[in-house]
Every structure is written in C-alpha cells, then in structure tokens.
Amino acid sequence: MKLLLTSAGVTNPTIRRALEDLLGKPIGESSALCIPTAQYGHPWLGPGVKAWEFISGRSENPMVDLGWKSVGVLELTALPSIDEERWKPLVLAADVMLAAGGDALYLNHWLRESRLADMFPSLAETVWVGMSAGSMVMTPQIGREFVGWKPPTGDDSALGIVDFSICPHLAPDGAPGNSFAAAEKWAAGIRHPSYAIDDQTALRVTDGGVDVITEGRWEYFPK
C-alpha cells in the first residue's frame, strides 16, 4: 500500500496535497473506508462519543470530513463473524482507508484477527492514512511507553510494514503531547530507526521510500 502516516490527521494544506498526490486524483473523486477500531482499546477514547465523532467527521482531527466522494465504515472487530464475500470487495474498491487513533496494539490485534492485514500485499494502489495509533500500527515496534491494551503476545510489536517506529504528538515542553525529552527517551528503547512527529507532520511512504511532509517539527533518531 501507499502510506500517509500522520500524528493528528490531515491538519494542513501540505499534508492534504501529499494525500492527493498518493491518490492520483482529487479527494472529491475518491472513495474512503474509515476504521474506528483503535479507539475502542484506548481508555481516553473507547466506544461511545469519540468513535461517533470520528465516523461522522465531527472529530477535531481532519480525516473523514475532507470531502470524500463516499465514506463507509469498516469495523474490524465485526469482520471475523461476517462472510469475507461481504466485506473484501468493499476493501478492494476503496481508494483509501482512514485509520483512527487510539491503541496501536489493539488495532494491530484486530487487523490480524480480521485478516485485513493479509490483504495488504494485494492493495498496491490503496492509500492508508493513519492517525497516531493508526500510523504506529504499521511500524515494527511501538515502544513500552505506548503500551496500554495488552496483546496476547505480551510484547510491543506491530505489523512491521515499515522499518521505522513513530512517536506522534511531538510538542513543545509544557504543551499537551510528547516533549522532545520524552521522545528521546522513547527512541532509546526502540530497536529500529525512528521518527518523532508533531501534529502538523506526516510521513509519506511509497515504494520503500520515506518523505517527511511537514509544516511543523519532527526529529529523526537513527540506529
């Protein structure tokens, strides 16, 4: 897949242009599926109003409300109980999947359990737009600081679609989010190269290459 890994959604014109470049057409001509699943595993979000806000496009994080031609909901926890013929064609027909933030390991678990992750190699032209946990799930390791929901494996590993890790919500000291000092400490425990990105930054991944798309601040931590 083509990946746009954000901290807080499509928050500025630079990230929006990068999204349309990945789509190869305007947002208004593109079909989307939104995935709220990660929210259910996070204690600050969970089922209820936050999931509804994301699905309905009323969240403070621009994702569903960008002006798509159509938007559907793909709830991963439901897929194992539904015949694959009912949902796989929807995935194949979608131009983009919009993955909400929340708990990255919970999302990782349900991407595997639902077998949606098994489809990824066949979705070469599909764009995955992740927000926070929806971005972190594509990495090999999220870091112990971000472990909330405990997976059956007991570790902090995720899908490993990319070969770097992400610390989202980089913020100035004293502001809501993760300080640079906290990001540095997190990166020291990561076995791979890693990025810390603020809410005005995204990572675009195509054909194995990574571009930083930003109107804000980011840091790269090599290994």
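Is Ser 135 buried or exposed, and what is its relative accessibility? At 0% relative accessibility, Ser 135 is buried, because the cut-off for that class is under 20%. The legends below describe close-up views of a predicted model.

View 1. Helix H6 covers residues 133-136 and includes Ser 135. A polar atom of the Ser 135 side chain lies 2.8 Å from the backbone oxygen of Thr 6. With neighbours within four places in sequence left aside, the contacts of Ser 135 are Leu 5, Thr 6, Gly 130 and Ile 166.

**View 2. Pairing of strands S1 and S5.** Strand S1 (residues 2-6) and strand S5 (residues 127-131) run parallel and are joined by five bridges. Within this pair, Leu 5 stands opposite Gly 130 in S5. Both Leu 5 and Gly 130 are also among the residues in contact with Ser 135. In general, strands of a sheet pair through backbone hydrogen bonds, in either a parallel or an antiparallel arrangement.

**View 3. The sheet of seven strands.** The strand order in this open sheet is S3-S2-S4-S5-S1-S8-S9, and the pairing is mixed. Strand S3 (70-73) and strand S9 (209-214) form the edges, each pairing on one side only. From one strand to the next, the twist averages 20°.

View 4. Helix H1 (residues 13-23) lies across S1, strand S4 (96-99), S5, strand S8 (201-206) and S9. The direction of H1 is at about 165° to S1. Helix H2 (residues 49-56) also packs on the sheet, where it touches strand S2 (31-35), S3, S4 and S5. Between the directions of H2 and S2 the angle is about 170°.

**View 5. The sheet of three strands.** This open sheet has the order S6-S7-S10, again with mixed pairing. Its edge strands are S6 (165-167) and S10 (218-221), and each of them pairs on one side only. The twist averages 20° from one strand to the next.

**View 6. Strands S6 and S7 with helix H7.** Three bridges connect S6 and strand S7 (residues 194-197), which pair in the parallel sense. Cys 167 stands opposite Ala 196 in S7. Helix H7 (residues 180-188) lies across S6, S7 and S10. Relative to S10, helix H7 runs at about 25°.

Definitions and conventions. Residues numbered from 1 in each chain as written. Predicted model: local features only at pLDDT ≥ 70, side-chain atom pairs only at ≥ 80, totals over all residues. Heavy atoms only, no water. Pairing = 2+ DSSP bridges. Helix = DSSP H or I, 4+ residues; strand = E, 2+ residues; numbered from the N terminus. Axes fitted to C-alpha atoms, helices over the stretch in contact; angles between N-to-C directions. Contact = heavy atoms within 4.5 Å. Buried < 20%, exposed > 50% of the residue type's maximum accessible area, 1.4 Å probe, protein only. Polar contact = N/O pair within 3.5 Å; in protein donor to acceptor, adjacent residues only side chain to side chain.
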